[in-house]
Amino acid sequence: MPELTSHTAALRRLLAKLSLPLSLRVTLGAFAGSLILGVALIALLGFPVLSAMRVAGEGAFGDARAVADTLVFMTPRLLVALGALIAIRGGLFNLGGEGQLQMGAIGAILPFLAFGNIGPLLMPLAIVSGALCGALWGLIPAVLKLWRGADEIIVTLLMNFVAIYFVKYLVQGPMRPVGSTFNMSAQLPREGIFVPLIDGTRLHLGVILAVVIASAVWVLLQHTAFGLKLRASGQSPGFVRLQGQSAGRMVLSSMALSGAIGGLAGTFEVLGVQYRLIDGFSSGLGFEGLAVAFLAGLEPFGAVIVSLYFGAINSAALSLQSSLSIPAALADVLSGLPILLLAVISGVMLTKGKPVWTSTR
Amino acid sequence: MPVPIIQLDHVSKRYPNGFLALDNVSLALHTGEIHALLGENGAGKSTLLNILYGVHEPSEGGVLIEGREVVHRRPADAIANGIGMVHQHFKLVMPFTVSENLALVAKGARRSAFRRHADVRAFIERFGVDLDPAAVVGQLPLALQQRVEILKALVNETRVLLLDEPSTILTPAEIDNLYATLRRVRDQGTAVAVVTHNVDEVLANTDRYTVLKRGRTNGTGLIADTDSAQLVERIVGHAVSNAARIGAERTPGAECLALREVSLRPSSGSPGLHQIDLTLSAGEVVGVAGVEGNGQTELFDLLAGQRQPDSGSLRFNTEEISVALVPQDRHHEGLSLDLSVAQNLLYPRIMLGEFRHGGLLDHGAIGEQAKVMIELSDIRTQSHATPARSLSGGNQQKIVLARALDQAASVVVVYQPTRGLDVAAAEAVLTRLAHAADNGTCVVVISSNIEELIRVSDRILVVNGGRVTGEVNGADMSLKAIGPLMTLGRQPHSRVLETADA
Amino acid sequence: MDLNSVTIALFLAAGVRMSVPVLLAALGELVSERAGVFTIGLEGLMLFGAVASAVGLAMTGSPVAALAIGMLGGTLAAAVLALGTVLARANQIVMGIGFNLLAMGVTSLIRQMVLVDTPPTGSLRAVTMMKLPWLSDLPVVGRALFSQSPVFYVAVLLAVALWLMFRFTRSGLLLRAAGENASALDAAGQPVLGLRFGAALFTGMLAGLGGAYLCIIASGGTFIDDMTSGRGYLAIAIAIFARWMPLRTLLVAIALGLLEALQFQGQYLGIQIATPLLMATPFVVALVAWIVMGRAGAAPGDLGKPFLRGAAH
């Protein structure tokens with residue numbers, strides 16, 4: 001629906017705003033503001049503020065275990081964000097991170113279920129499989145857009161839930177080992193998982209791979225012709241069209257790549273954290289990843305930093321819950337607040353500082 | 001004795017980005033007069049109207065109505081004070097009917113007057129317009145949409161009617177009809193202000209004028225007391241001989257592109273193309289004249305390869321014939337604004353594989369080549385890495401043109417190349433196009449600026465309703481010859497208004 | 001399997017019952033979208049309504065009051081959301097995603113801090129069932145359509161009222177103009193932001209009622225984290241492929257409710273599909289309908305665009 005994509009025009013304006021260095025100050029302001037509000041909320045709920053801040057700090061960065069947890073929580077959010085920002089900078093509002101992540105998790109377990117324990121080959125195969133499943137889930141909205149003009153916002157949003165229920169179905173049915181009463185698949189063998197890199201922590205290979213992928217995405221965007229074309233497509237599809245380039249190929253390749261990276265988010269969770277496919281392993285990771293992408297101004301290295309913040313928040317929230325009985329749902333609050341603040345500030349800037357584009361420029 | 005009904009009193013307007021649009025402007029509009037606001041693009045005419053109408057607030061100074069200071073923070077305030085505005089880009093809700101659009105504006109007691117179609121029809125006929133109240137505005141032709149826009153501005157006991165560049169989308173005959181309607185409005189006691197940059201139109205139709213130049217007033221008075229040369233000098237700042245030809249006489253070379261009986265089916269909002277025959281040869285400048293919306297966009301898309309003819313053929317004479325483009329919308333089609341100047345200049349070459357180093361982009365080489373092109377085209381920019389967004393309109397257009405000419409194509413098609421540019425930038429663009437033609441390129445200029453076409457073209461085709469209605473060249477290229485061709489073959493839409501000419 | 005009129009009636013009744021939350025949310029969404037506001041935060045609004053109604057029930061013990069408090073909760077939440085999207089001109093999608101995240105957290109916090117006790121076991125009969133005289137005795141449809149919660153009847157009346165409003169009233173005209181071409185409406189001297197804000201509040205009110213229904217009537221007054229499970233997004237899809245028409249929205253919502261009812265009634269109809277797959281079917285069907293509709297829909301011209309006076313066209 002071409003008319004519905006007027007929001008992408010609004011997003012392009014937002015993109016233009018976010019590419020300024022001013023955006024850094026705005027983003028930092030959004031984070032600071034939400035942290036302050038978070039502290040206020042803790043006080044409001046009657047918890048001791050100073051101990052809470054201490055426990056939170058220790059929970060996020062206090063020792064090797066805490067840091068590892070922060071990094072482990074960072075990883076899936078970072079990957080979803082990277083996938084999302086590729087698609088969005090190309091002009092496609094890919095809100096399907098959650099679904100692509102779920103499919104990537106399915107992909108991670110498939111080789112084991114299909115071939116059994118085939119040794120060291122299992123892990124790379126799982127990664128490829130996860131990426132492919134995610135790519136597929138990203139390609140479907142792309143194809144629908146090209147073929148039927150179906151707006152990708154709604155398609156990707158709805159497909160999230162189809163994927164979630166599909167995973168539920170698989171672990172309650174076909175993938176559940178005979179005789180088990182739990183809704184989860186069989187466990188992966190030790191050769192097929194990301195073994196903890198440091199004893200006593202949960203740090204796994206996926207963390208490092210995610211950061212590597214972030215760098216690769218940056219190189220792709222800034223230093224390749226593909227990246228140039230992607231960015232141009234997102235900002236000025238009319239320009240790209242008149243240059244004789246095919247919008248269709250870009251839609252397909254950007255969504256496939258986006259879905260693949262989003263899929264890896266789920267893959268690495270299975271390989272590095274759960275070691276199996278389990279119902280409910282992702283409590284809204286996909287949407288948090290989207291939030292990360294927006295807060296990062298759709299920049300890969302910004303996404304690293306923001307997802308690190310989100311990882312720290314979640315890690316801290318766990319400590320707060322176990323030490324002080326502060327509900328871990330606080331993490332969701334602190335995840336949503338920065339975006340609201342950022343969106344509001346950007347909007348206000350739009351009204352005040354926006355240059356008026358008259359026809360005389 | 002005309003009475004000043006609304007005044008701007010020492011008004012200045014500085015936009016948030018620092019741009020000073022109006023500088024200490026004072027102006028008075030009188031009842032029973034049509035007041036022309038003249039000036040080039042960027043002179044501040046639209047800003048002035050927007051301040052009167054409450055779209056913007058002045059940074060300094062104020063608005064007086066019958067001597068009393070008023071503050072207009074939004075259009076509702078202006079409407080309450082009896083001001084109506086006809087915008088250049090119509091503020092109409094296209095899916096709504098004429099009645100519904102008029103009803104939107106109606107205030108208070110007037111609302112009941114616009115509920116029934118019969119009442120609406122009576123209102124419309126007061127101004128001599130023939131329009132079906134139940135017609136969907138989006139499906140009306142442009143000139144009639146403008147009538148709706150005008151009527152909308154007259155709904156609420158309007159004492160001041162403002163029109164922002166109403167004549168840009170009209171043929172010469174329609175302009176006459178417009179002023180016939182405006183005279184009726186004027187004679188009913190309303191003050192009318194028209195923004196335009198067409199001097200002849202002003203001399204023929206208006207009573208008083210004010211010239212704006214770079215945000216300041218540069219002369220005001222009665223039309224009876226002035227003439228064309230004086231007005232032009234006030235607008236531009238120096239006497240301009242508007243017959244100055246750019247480029248010498250040329251003889252066209254080998255044929256490079258031919259359209260034979262090309263047709264495109266009409267659709268809503270597009271007249272399509274009907275049996276177009278066109279031969280393009282090397283080393284000539286072919287102008288395509290016409291009011292916007294008569295097939296120019298379709299022709300551009302066709303030559304650009306964006307559309308295929310529904311019937312007829314488009315033939316390139318040899319395999320090497322290529323087409324480079326300068327589209328009409330430089331912000332969204334000509335450039336990718338957030339990419340750098342260098343990236344915009346060299347985009348097609350980058351996409352073809354140049355400037356690579358081990359699979360990645362060679363930013364250094366791109367920068368070096370860009371510097372050469374920037375120098376050659378006199379593009380004023382801080383550096384080649386600046387985002388294209390930061391440049392002025394004239395320099396942005398230079399990028400688009402430089403890129404198009406850099407491709408060494410056989411045919412260069414430019415669409416409204418000087419729109420929104422100041423005189424110096426426009427001159428630069430036209431001169432470059434002429435040079436390209438001197439060097440053997442076939443240049444096609446699609447424009448609604450007839451004076452420029454006359455200056456730069458070897459021959460001019462006129463389009464109307466998707467057809468080529470005529471071709472003039474040499475000494476025959478004049479507004480007198482071209483004007484009538486622009487209305488040839490047009491179907492009359494409004495029985496009451498069209499004077500006998502087509 | 002026993003496919004007689006009773007099983008069919010039960011199935012239809014369940015379907016209609018299950019459609020109510022989504023129906024209310026979709027009706028609310030279509031109003032805000034017609035006015036140009038893309039309320040992605042619908043999921044969060046429903047959650048706020050649900051938790052507010054649970055709190056209301058705990059505080060007052062009256063299910064009717066609980067529903068009203070749920071509506072209020074949704075409206076207040078919508079005010080916060082609209083402050084951002086309409087008044088601050090924030091990007092509506094970004095804002096909506098953030099809002100939904102926030103809502104998950106805040107409602108869960110409320111549950112853990114405030115709703116510590118099990119809900120009162122007072123009678124919910126007043127709100128769960130209202131048999132229309134005579135009509136409810138009709139075969140099949142009597143049970144299916146006319147023996148439903150009063151909230152359902154309210155929803156149907158709302159759908160009709162909205163249809164009338166958009167078709168015949170000046171308010172409807174103004175709202176539509178706000179969504180089609182906000183700057184034209186502004187140039188006509190009408191308050192665009194006020195209209196949009198009002199529409200957004202109305203959306204919150206209906207979404208809140210939908211969430212409250214889900215909590216009080218469908219779940220016996222218990223609030224569960226993330227109990228909306230994507231219904232908000234489904235409602236958005238419904239509003240759009242019903243082309244923002246209230247009566248169509250009513251039909252589509254009921255149809256999808258029937259699909260949802262298959263989860264529980266399917267066995268009686270001989271349909272043996274695993275529950276999660278059945279839960280996915282509304283989304284799949286919505287997707288398919290979306291695809292089939294493709295380019296055909298004519299969205300309000302200014303949907304999703306923040307209104308800025310004097311901005312470029």
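Predicted model: local features only at pLDDT ≥ 70, side-chain atom pairs only at ≥ 80, totals over all residues.
What percentage of the 313 residues in chain C is made up of buried residues?

1. Burial and overall form of chain C. Buried residues account for 60% of the 313 residues in chain C, a chain that holds 13 helices and 2 strands. Its radius of gyration is 20 Å, close to the 20 Å that the globule rule gives for 313 residues, so chain C is as compact as a globular protein of that length. The C-alpha trace of chain C spans about 65 × 45 × 40 Å along its principal axes.

2. Contacts within chain C. When the contacts in chain C with a separation of 6 or more are considered, 79% of them are between residues 24 or more positions apart.

3. The side of chain C that touches chain B. Here 15 residues of chain C are in contact with 19 residues of chain B. On the chain C side, the elements that give two or more residues are helix 8 (170–180) and helix 9 (182–187), and helix 9 of chain C gives the most, with 5 residues. By residue class, the side of chain C that touches chain B divides into 6 nonpolar, 6 polar and 3 charged residues.

4. Backbone at C:Arg89. Most residues other than glycine have a negative phi. Against that background, C:Arg89 deserves a check, with a positive phi near 55° in a residue other than glycine. C:Arg89 lies in the loop between helix 3 (63–87) and helix 4 (92–113) of chain C, and it counts as buried because it has 24 C-beta neighbours inside 10 Å, where 20 or more are required.

5. Backbone at A:Tyr275. A:Tyr275 is placed in the loop between helix 11 (247–274) and helix 12 (285–295) of chain A. A:Tyr275 has 21 other C-beta atoms within 10 Å, and is therefore buried.

6. Helix 7 of chain A. This helix, residues 152–172, has 21 residues and reaches 30 Å from its first C-alpha to its last, which is close to the 30 Å expected at 1.5 Å a residue. Helix 7 of chain A is also mostly covered, since 19 of its 21 residues are buried.

Technical notes. Residues numbered from 1 in each chain as written. Chains lettered and ligands numbered in written order. Contact = placed C-beta atoms within 7 Å. Helix = DSSP H or I, 4+ residues; strand = E, 2+ residues; numbered from the N terminus. Nonpolar A, V, L, I, M, F, W, Y, C, P; charged D, E, K, R; others polar. Rg over C-alpha atoms; globule rule 2.2 N^0.38 Å. Buried ≥ 20, exposed ≤ 12 C-beta atoms within 10 Å, placed from the backbone. Expected span 1.5 Å × (residues − 1).
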